[in-house]
Amino acid sequence: MSFSSQVKQELSGLGKTARHCALAELAGFLYFGAELLPDRIGFRTENLAVAKRIGELIERLFRFRPEVRLRIGSRGKRVYDTLVVRQSKLLLNACGYEGGGKPEHTCCKRAFLRGAFLAAGSVSNPEKTYHLEFMTKTNELAERLIVLMQEFEIDAKMIRRKKLPVVYLKEGEQIVSLFNVMSAHMALMELENLRIVKDMRNSVNRIVNCETANLNKTVQAALQQQQAIEWIEETVGLDFLNAELKEIAILRKANLESSLKELGEMLSPPIGRSGVNHRLQKILEIAEDIKERRENSRNDKKNDRD
């Protein structure tokens, strides 16, 4: 079962709510998932739990059981069509559909969003990505949905797909907030647990990457220092350096993998990391100066021969 189906199954299994909330939830179904024809209202879904939820709401509110038809869809999946025939006008009027009514109480707004999600919503597997969306029929419906979610501090966006507006959320925190609003608490906990694991994994990866980058810099710096020390030793000898620089040069050459802090602790008396770095930088400057002088000397001799 997909994560989206799990969420819908949980929402469909919620207990009875107040009559006004049940009407608001059914209104969400009407606006976002109903096919309105002159002689009937049809609700179509591939989720059996959702089909049962629609039937239970209608039976409880209007004291009749709608007809449910099962058929095999074009993709080989089961499709459940819930049909309301004779009482369609009664249902529309009770839900305030034709007047464009909207829920006023906070509890009813939550129920309306729940019905809208059951009718036209889906959510991706959070192990892969965070994405929740509502397929809507008109821009007016999409904007209405966005405004309603904003009342719960949920910032939804809209795009168009196949010429139809799609309202979507891309942040895990926003999806968690919507689950809480709709009372999908089990799905909320599962998503939160996954978010914690993913955040910890990302945090560990950042630390490892940072430490790896720092280690690479340390290794590159040590190799550069070693080359400078060997150059000085081969050209003018380490005795060319003063006592402090010669001491650190010998230590660095013998302890290539040691950090600056560790090198400083090996000295007598010990010095700090910045002191070691200063001495090694001085050695690099001296090596560079020797190279520059030798290069200038070779150029001068060449010019004399020419």
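## The hairpin of strands 3 and 4

In the hairpin of strand 3 and strand 4, 5 residues lie between the strands, and Gly 76 takes a positive phi near 80°. Strands (E, at least two residues) and helices (H or I, at least four) are DSSP runs, numbered from the N terminus. Arg 71 stands opposite Val 79 in strand 4.

This is a predicted model, in which local features need pLDDT of at least 70 and side-chain atom pairs count only at pLDDT 80 or more, while totals for chains, interfaces and linings use all residues. Residues are numbered from 1 along each chain as its sequence is written, and side-chain values use heavy atoms, with hydrogens and water left out.

## The sheet

Strands of a sheet pair through backbone hydrogen bonds, either parallel or antiparallel. Here, 4 strands form an open sheet in the order 1-2-4-3, with antiparallel pairing. Strand 1 (34-37) and strand 3 (67-72) stand at the edges with a single partner strand each, so one side of each is left without a neighbour in the sheet. From one strand to the next, the twist averages 25°; angles run from 0 to 180 degrees between N-to-C directions, and axes are lines fitted to C-alpha atoms.

Strand 2 (residues 40-45) and strand 4 (residues 78-84) run antiparallel and are joined by 5 bridges. Ile 41 stands opposite Val 84 in strand 4.

Helix 5 (residues 106-120) has 15 residues and reaches 21 Å from its first C-alpha to its last, close to the 21 Å expected at 1.5 Å a residue. The expected span is 1.5 Å times one less than the number of residues. Because 11 of its 15 residues are buried, helix 5 is largely enclosed by the rest of the structure. Buried means under 20% relative accessible area, exposed over 50%, and partly exposed in between (1.4 Å probe, protein chains only). Among the buried residues of helix 5 are Cys 108, Phe 112 and Phe 117.

Helix 7 (residues 172-182) is also largely enclosed, because 8 of its 11 residues are buried. These include Ile 175, Leu 178 and Phe 179. Just after helix 7, Ser 183 takes a positive phi of about 75°.

## Leu 223 in helix 8

Leu 223 lies in helix 8 (residues 185-235). Leu 223 counts as partly exposed because its relative accessibility is 32%.

Definitions and conventions
Two strands pair if DSSP finds at least two bridges between them.
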